Amino acid sequence: MGRKTRASGRGRAGSALMILSLLLGCASWSAGNWGKQAQYEGFNPNSVNRGGAADFTILVPLSKIFYDRVTARRFNSLATYEDPALREFFRSQESFSDYYAAMAESLVRANFEYNRPTAVRLEAMTRTGPNRVDIRVYFRGENAKPLRFWSTHLVRTDRWEFAAGRWWVVPGKI
């Protein structure tokens with residue numbers, strides 16, 4: 001009887017170790033690597049942009065803060081909609097509302113469970129004007145469709161503009 005208990009204990013420890021390694025692997029998918037694998041076109045993200053007004057050195061960490069905030073909780077909840085930290089990235093209430101509506105609709109169409117992305121990765125930044133950058137991000141999350149155990153994803157391009165001494169998210173047309 002003692003042998004059976006010790007063997008089942010090793011099996012549980014092995015299972016727990018495997019689950020822990022999977023969780024750490026999923027957590028490290030976006031942690032610490034923001035922007036390292038991304039493609040940059042038209043600018044160097046580490047430059048101060050001496051010939052222009054926009055400071056690109058702050059854009060990569062600033063975008064990480066914004067997209068981490070987007071993935072922090074369910075996107076279609078009142079708490080997320082009223083989050084003052086998210087609103088700080090937009091010039092006006094109207095632009096935040098436009099972005100929020102478009103993002104929530106995109107997550108619904110991509111079948112994200114609970115409208116919640118669980119991971120995000122920066123794929124590319126493209127300079128489209130002297131003070132304008134398009135940021136392409138990849139969102140991943142649980143699939144909301146029944147009997148689908150695999151994850152779902154969404155690739156989204158957002159426009160960021162530098163004006164009045166800071167970077168702003170500029171929503172597209174709905």
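The dialogue below goes from the strands to the helices and then to a single threonine.

A: First, the ground rules. This is a predicted model, in which local features need pLDDT of at least 70, side-chain atom pairs count only at pLDDT 80 or more, and totals for chains, interfaces and linings use all residues. Residues are numbered from 1 along each chain as its sequence is written, and side-chain values use heavy atoms, with hydrogens and water left out.

Q: In what order do the five strands form the open sheet?

A: Strands (E, at least two residues) and helices (H or I, at least four) are DSSP runs, numbered from the N terminus. Two strands pair if DSSP finds at least two bridges between them. Here the order is E1-E2-E3-E4-E5, with mixed pairing. Strand E1 (39-41) and E5 are the edges; each has a single partner strand, so one side of each lacks a neighbour in the sheet.

Q: How many bridges join E2 to E3?

A: Nine, between antiparallel strands; E2 covers residues 119-129. Leu122 faces Val137 in E3. E3 (residues 132-142) also pairs with E4 (residues 151-163), antiparallel, over 11 bridges. There, Val133 is opposite Trp160 in E4.

Q: What do E4 and E5 form?

A: A hairpin, with two residues between the strands. Ala164 in the turn has a positive phi of about 55°. E5 spans residues 166-170, and its antiparallel pairing with E4 has five bridges. Glu161 stands opposite Trp168 in E5.

Q: Which strands does H2 lie across?

A: Contact means heavy atoms within 4.5 Å. Axes are lines fitted to C-alpha atoms, for helices over the stretch in contact; angles run from 0 to 180 degrees between N-to-C directions. H2 lies across E1, E2, E3, E4 and E5, at about 35° to E3. Helix H5 (residues 93-109) lies across E3, E4 and E5, at about 165° to E4.

Q: Is Thr71 buried or exposed?

A: Buried means under 20% relative accessible area, exposed over 50%, and partly exposed in between (1.4 Å probe, protein chains only). Thr71 counts as buried because its relative accessibility is 10%. Its place is the loop between helix H2 (59-70) and helix H3 (78-81).

Q: What does Thr71 touch?

A: Leaving out residues up to four places away in sequence, Thr71 touches Arg116, Pro117, Ala119, Val120 and Phe139. A polar atom of the Thr71 side chain also lies 3.1 Å from the backbone oxygen of Asp68.

How values were computed: Polar contact = N/O pair within 3.5 Å; in protein donor to acceptor, adjacent residues only side chain to side chain.
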